[in-house]
Amino acid sequence: MSAVAPVAEPERQALPGLAGAQALGLTEDEYALIGQKLGREPNLVELAMFSLLWSEHCAYKHSRRLLATLPSAGERLVMGPGENAGAVDVGGGLAVAFKVESHNHPSAVEPFQGAATGVGGILRDVFAVGARPIAVLDSLRFGDPSSERSRYLLDRAVAGIGHYGNSIGVPTVGGEVYFEEPYEQNCLVNAMCIGLAPRERLIRSAAAGPGNVVVLLGASTGRDGIGGASVLASAELGEGDAAKRPSVQIGDPFAEKKLLECCLELLERGLLVALQDLGAAGLTSSAAEMASKGGVGVEIDVARVPLREPGMEPFEIMISESQERMLCVVAPRRLDEVLGLCARWETQATAIGTITDSGRFRVLSDGAVVGDVPIGALVDDCPLYDLSPRPPGAQVYPAPAARLTDADPGESLLALLSCPNLASRRPLFEQYDCLVGSRTVCRPEQADAAVLRLPAREDAPRPAIATSIDCNGRRVACDPRSGTREAVLECAANLACVGAEPLGLTNCLNFGNPEKALVAWQLTEAVGGLGEACRALGIPVVGGNVSLYNEAGEGPIYPTPVVGMVGELPDAARAGGLAFARAGDGIALVGPFAPALAASELARLRGEALPGGLPAAEVAAVVAAQAAVRAAVRAGVVTSAHDVAEGGLAVALAECCLAGGVGAQVSLAGRPGGGPDEALFGEGPGGFVLSGPDDALRALAAGATPVAIIGRVGGERLRIEHEGEEVVDLAVGRLAEAHRTLEALFS
Amino acid sequence: MRFGVVRFPGSCDEVDAQLAASRVGEAVLLWHAERDLGRIDVVVVPGGFSYGDYLRPGAIARFAPVMDAIAEFARAGGPVLGICNGFQVLCEAGMLPGALLPNRGLRFVCRQPGVRVESTASPFTAALAVGERLSIPVKHTTGCYWAPEHQLDRLEAENRVVLRYCPGQNPNGSMRDIAGVCNEAGNVMGLMPHPEHAVDQLTGSADGLRLFESVAQALAPVAA
Amino acid sequence: MKARVLVRPKSGILDPQGQAVQRALPALGFTDVHEVRVGRLIELELDDPTRLDEMCERLLTNPLVEDYEVLLEEGARR
């Protein structure tokens, strides 16, 4: 502990005291604890640093104990939770790094820049571990598009994602978007990035070697996002959001493109000891985390940090969230080489400090100490809070607005295909470059998962990875445990349809205020379901992100544990598409599918109340069905594979017809007592629609997985019989017209 | 046969172009600050967002040192292919006529339109047949080809409209559905579609490879 | 001294941005707008304004499709 308090900065400024701490979002107890750790009262610089590192965003103080229950080991795991991104081995000496992160509150304030910088941030997380970003996926939630604000947020967020990803040359290969009233005031913008690297080139962020130089790379530092981490990322949104606009970060994909190429070349040449991106809480968080992981200390002189604005205070420099910056540790003898390479890439690089053996984070300003705190106190000593979960007595979310009454099955099918949650995403994904990098084998709406080829190797001429991102928040709201399990199973089902086996999972837990008993319960149940499903699939959680306090006046959002999964397949040429392609092919319904209308998309259109629970899925049987589908796709014996999700079997069949531009005749038997609506539009995990030669489909039934041949591909109409009675007869052109409704939002 | 693919800060498709070219020959990257191309038979100015597309797409890149060498290479008859951002750069540099304006829909568009071969006057299409239909993706925000009417008439008369989007598939509102044009001598060609992203059926189409094969074939006697 | 260069699409050149703005205004109740052209503003701080036209013609604009107008701070001469 330092005996002498550092110069209060600036000297004329009084110590901020408890009132200052509370203004920065710390509690009275936390403030007292900081004083105890320091042996004195903190000055403004120190308090600002603590307030950010002890925020939910950095310290996970309400979620860390829960997250510790998730499985994080696996034989293919290369890098687990705690690094900038997790990574799994994909063979051939290669590793795939991936992570999903939220940028919800910044996007609610300024959707274009919020979404753009969300992409920029997750890209940095991935190249910080030394992997070249090869794909982005996004997961978006807005209110109903009938509201002008939701349309504006959607339009600008999509434009922002495209702007950043397209400009930096990383393809956006997949994603999902849902429109539900509880996201009206609190939209969600989650972005996932996947990177590829030779396994031995992955780098960790632990700083090492006292005497080594700390070099700041990239953009100059401005007042962007000052208070961003504590204000924007952790406080409930409410009145006065417009006034927060000045602290929004502005993305510069050109700067990041140069930074990306520069960092990868620095790593390729072995010039760096450690690398870390600057995200929330800027320099404070990245330098503290690097030092903490390496068990060392760090000294940073804020006077050396290149500034974009005059007159910035030391505390502002320490917490600025200016984008497109990275921090690296360099051995002194390598410094000139590093600076030279950065100059070639037109990337600013400045030595701003050194690694020490003090275990302390010392902030200097022109040599004078303006802050001095133990690294351990900053990084490890944030108090963790137990949640006080309590299940609600009754469903707390109001029933959705009714949009459909007295519809026959044909009308219901058209209503479902045209509803914003199920309509074609083409107007969105056409705004994204899905091709750059020459790896994209399956593009959006061609298959259930995106497929990216990897370099050929001896034992596999066309190896590939597949990826998918998913979460149906409304079903999680009905039953956080089952709903989260379903989200994981849905991702794995998407992978199975292209023949891929899951390797690992990342997640972004978007929830409301965890200090509320309801949200605490949702979070606890969801994390429980997440762990169960991962164990059933035998995959680790390689890392993730938590976004809490997603609330506005009307209460919390639907609990939305977004799940991103990466899997592998041996032969990209056999990656299944979802399209019916050959007239005469048989159509099979595969898997332990038990459709139920409660909590379905059709129930939503009808304005039915959310049930207080979902039927428990037979997880083992679902996983077995996925294995059977995966095996059939890998063997190349089926023409198409598509999983049954929102909208049930009829919508899945329609999607297969639409993708292939061909019709189908299907005959369904229902559950005794269940009407055609349940058979056609009921939802639940474990169902797949496969097409192919009859004998190949029948061969699927060799295992324990249920298989029923329900129809045949052909013609120009989708006709569905239920219990011998024709209930749907629609031209594929009519289905396509219904499916195109989102186009109107972007014209 | 040696291709040189330019790398500007902000280029995105240069490695893909290098991979595509390396299917028919050798391919190396040319750093934007170099003034000497070295021994090169074909230059590709690739897609991406050179200099962030700031100011106007291609406006800053055209002044990169490497562009002087490329202009000289083109004057000597060397084949130059500008793809997407590369097309914009060549137009800004005055090596091709016309300009690329923002898409009529104002949005970035990534799509796989049909493209019809209109002329074999360029070495990049010399081995193709007029009327052939190719499936090559586009992905851009500023791809609406524009030139004054009289210049368009002249381009058509001189057989310099090399590629056109198939009817009803124009993704950006370009005049007369033009997707690619060449200079008077035919050796400099620019196009908005990305042939380097259509070199393998596995990733959607192999039609773009034909352009690389064509230039390789056109130069074969010289290079051999 | 300060100089401003206003760049706008030449008349007759398609201006989809201008059209989009023009279409959006009536929806907000601004019904008496007859034409909108969207261009851009470049602000320069410089000592010698005599070469501004050359700057505009070589880099700041594409003379084929854009017009420009140079505004100098009061009292300055080009």
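User: Where in chain A is the pLDDT below 50?

Analyst: One place is residues 8–12 of chain A, a stretch with 9 contacts in the model beyond near neighbours in sequence. Residues 228–246 of chain A also stay under 50, and there the model has 46 contacts beyond four places in sequence. The general idea: where pLDDT is low, the predicted coordinates should not be read in detail.

User: OK, on to domains. Which ones does chain A have?

Analyst: The domain assignment gives chain A two stretches: domain 1 covers 205–381 and domain 2 covers 577–747. Their C-alpha centres lie 51 Å apart.

User: And how do I read a nonpolar core? Which residues of the largest one touch the most other members?

Analyst: Start with the general idea: in soluble globular proteins, nonpolar side chains tend to be buried together. In this model the largest nonpolar core has 335 residues, and Val451(A) and Val498(A) touch the most other members. That core draws at least three residues from each of domain 1 and domain 2 of chain A.

User: What is Val451(A) in contact with, leaving aside its neighbours within four places in sequence?

Analyst: Its contacts include Val498(A), along with Val441(A), Cys442(A), Ala464(A) and Ala466(A). Ala572(A) and Ala575(A) are also among the contacts of Val451(A).

User: Now the chains together. Which pair of chains has the most contacts?

Analyst: Two pairs of chains touch, and chains A and B have the most contacts. That contact takes 21 residues from chain B and 24 from chain A. On the chain B side, helix H1 (14–21) and strand S6 (109–111) are the elements that give two or more residues. S6(B) gives the most, with 3 residues. Sorted by class, this side of chain B has 11 nonpolar, 5 polar and 5 charged residues.

User: How many residues of chain B are in contact with chain C?

Analyst: 9 residues of chain B are in contact with 9 residues of chain C. The chain B side divides into 6 nonpolar, no polar and 3 charged residues. As for chains A and C, no contact joins them, and their closest C-alpha atoms lie 10 Å apart.

User: Last one: what does chain C look like?

Analyst: Follow chain C along its sequence and you get the pattern β-α-β-α-β, that is, 2 helices and 3 strands. For its overall form, compare it with a compact globule of 78 residues: that would have a radius of gyration near 12 Å, but chain C has 15 Å. The C-alpha atoms of chain C fill a box of roughly 45 × 25 × 15 Å along the principal axes. Buried residues make up 10% of the 78 residues in chain C.

Terms used
Residues numbered from 1 in each chain as written. Chains lettered and ligands numbered in written order. Predicted model: local features only at pLDDT ≥ 70, side-chain atom pairs only at ≥ 80, totals over all residues. Core = buried A, V, L, I, M, F, W, Y, C linked by C-beta atoms within 7 Å. Buried ≥ 20, exposed ≤ 12 C-beta atoms within 10 Å, placed from the backbone. Domains from an automatic or database assignment. Contact = placed C-beta atoms within 7 Å. Helix = DSSP H or I, 4+ residues; strand = E, 2+ residues; numbered from the N terminus. Rg over C-alpha atoms; globule rule 2.2 N^0.38 Å. Nonpolar A, V, L, I, M, F, W, Y, C, P; charged D, E, K, R; others polar. pLDDT = per-residue confidence, 0-100.
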